[in-house]
Amino acid sequence: MRVIHVITRLIVGGAQENTIASVLGLRLKPGLDVSLISGPTSGPEGSVEPLLAPTPEVLTRIPELVRPVRPWKDLLALQRLAAIFRSRRPDIVHTHSGKAGFLGRLAAARAKVPIIIHTVHGPSFGAFAGPVANTLFRTAEKFASRVTTHFVVVADAMKTQYVAAGIGRPDRYTKILSGFDIEPFLSAKNNPELRLQLGLDPGDIVIGKIARLFKLKGHDDLLALAPRLVRSYPQLRFLLVGDGPWRRKFEHQARSLGLHRHFVFTGLVPPNAVPGLIGVMDILLHLSTREGLARALPQALAAGKPVVAYDSDGATEVCRENETGFLVKPGDFDALHDRLIQLARDAKLRNELGRHGQELVADRFTVGRMVEDLHELYLRLADNAGLSVRMTTNQHS
């Protein structure tokens, strides 16, 4: 059975790491030929393309497949995708992200691909966007849903939001958790040498945040609350992992507040460095208002760290109130302050919540489970479509 995944770009991020892990894992299944199409990857967010270096034949790049709306490039990308699908004749096209999800599904329909799947990694519409953008994206998703055989969601919240918006029927959705290499997180330690390299003192309580330095990720809220947090607990340090277009803005804000000593910006780090960084954190903070289910949450829990998160999208599915951490209503700075200070002062509570979190995610978020669930879905959909599954090898035709 031939499967082609399509994604807009391969920056360092949860959806991108999920897609590559899925492609590489599914390629190990007998009888599956799995490949990946992506647009160009550039900018301060970095790239996960090196993960494909051992198997360069997997990836096909389409220069016209770009994230911004560019009508001429979008048309060319649609035509190129359709041509590739006609040539390779996949049984399944599986799309990811907004632009690739829209163009990829339309191109697959043009090429008469039997099964078209789209993964909703995060919402493309919601309270974070204005009425014009919401109308546009809802309309686009409804249009694309007409040619979508099945949806995969990384959290129940995505299914709820999309079905409520009239995008597909409930029976056309399957939740498959976004797996990652969990063992390095289960064994993550509070490494004194790494703390020293980061300029963290032994007595500091480290609140970590893993996210692109950009809008909707909640860094603004953290910086707005930081002076009050530091007054309440002067030993607090904020470890911001990641890079993005707004890094200079946030660094300037920290300096302007006189809190530059309390903020550590790691910049862009490779995915294999994340377990060690979580290991030196005492608390993982997640303030995004647009996320399916951020993998930073289960990663922190796997490392035995409590989490404090905005009650947004899929966060509630792993951040369980007073069991693995605390949920806070977006923008409720009083509650956010109180929960963070409570955890900063109570090591026993941090350890207890972290232990419960580790028990919750240890078996649910493995790459192996994600790949098995995807494989089972593919076989089920192929059977429903009456396809006689071709036995193929991992070679492009």
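**A histidine and its surroundings**

Mentor: Leaving aside residues up to four places away in sequence, His262 touches Val230, Pro234, Leu236, Arg237 and Phe238, where contact means heavy atoms within 4.5 Å. This is a predicted model, in which local features need pLDDT of at least 70 and side-chain atom pairs pLDDT 80 or more, while totals for chains, interfaces and linings use all residues. Residues are numbered from 1 along each chain as its sequence is written, and side-chain values use heavy atoms, without hydrogens and water.

His262 sits in the loop that links helix α9, residues 247-256, with strand β10, residues 263-267 (helices are DSSP runs of H or I with at least four residues, strands runs of E with at least two, numbered from the N terminus). Because its relative accessible area is 9%, His262 is classed as buried (under 20%; exposed is over 50%, partly exposed in between; 1.4 Å probe, protein chains only).

Beside β9 runs strand β8, residues 205-210, and the two pair in the parallel sense over 6 bridges (at least two DSSP bridges make a pair). Within this pairing, Ile210 stands opposite Val241 of β9.

Now look elsewhere in the model, where 7 strands form an open sheet with parallel pairing, in the order β3-β2-β1-β4-β5-β6-β7. Its edges are β3 (59-61) and β7 (173-175), and since each of these has a single partner strand, one side of each is left without a neighbour in the sheet. From one strand to the next, the twist averages 20° (angles run from 0 to 180 degrees between N-to-C directions, along axes fitted to C-alpha atoms, for helices over the stretch in contact).

Helix α2, residues 71-88, lies across β1 (2-7), β2 (33-38), β3 and β4 (92-96), and runs at about 165° to β1. Helix α3 also packs on the sheet, touching β1, β4, β5 (115-120) and β6, with a direction that makes about 160° with that of β4.

The helix α3 (residues 98-110) packs in turn with helix α4 (residues 131-145), at an angle of about 30° and with axes 9 Å apart. The two are therefore roughly parallel (under 35 degrees; over 145 is roughly antiparallel, 65 to 115 roughly perpendicular, the rest oblique). Phe102, Arg105 and Leu106 of α3 make this contact with Ala140, Glu141, Phe143, Ala144 and Ser145 of α4.

A further helix pair consists of α1 (residues 14-26) and α14 (residues 367-384), which pack at about 70° with their axes 9 Å apart, and are therefore roughly perpendicular to each other. On the α1 side, this contact uses Asn18, Ala21, Ser22, Gly25 and Leu26, and on the α14 side Val367, Met370, Val371, Leu374, His375 and Tyr378.
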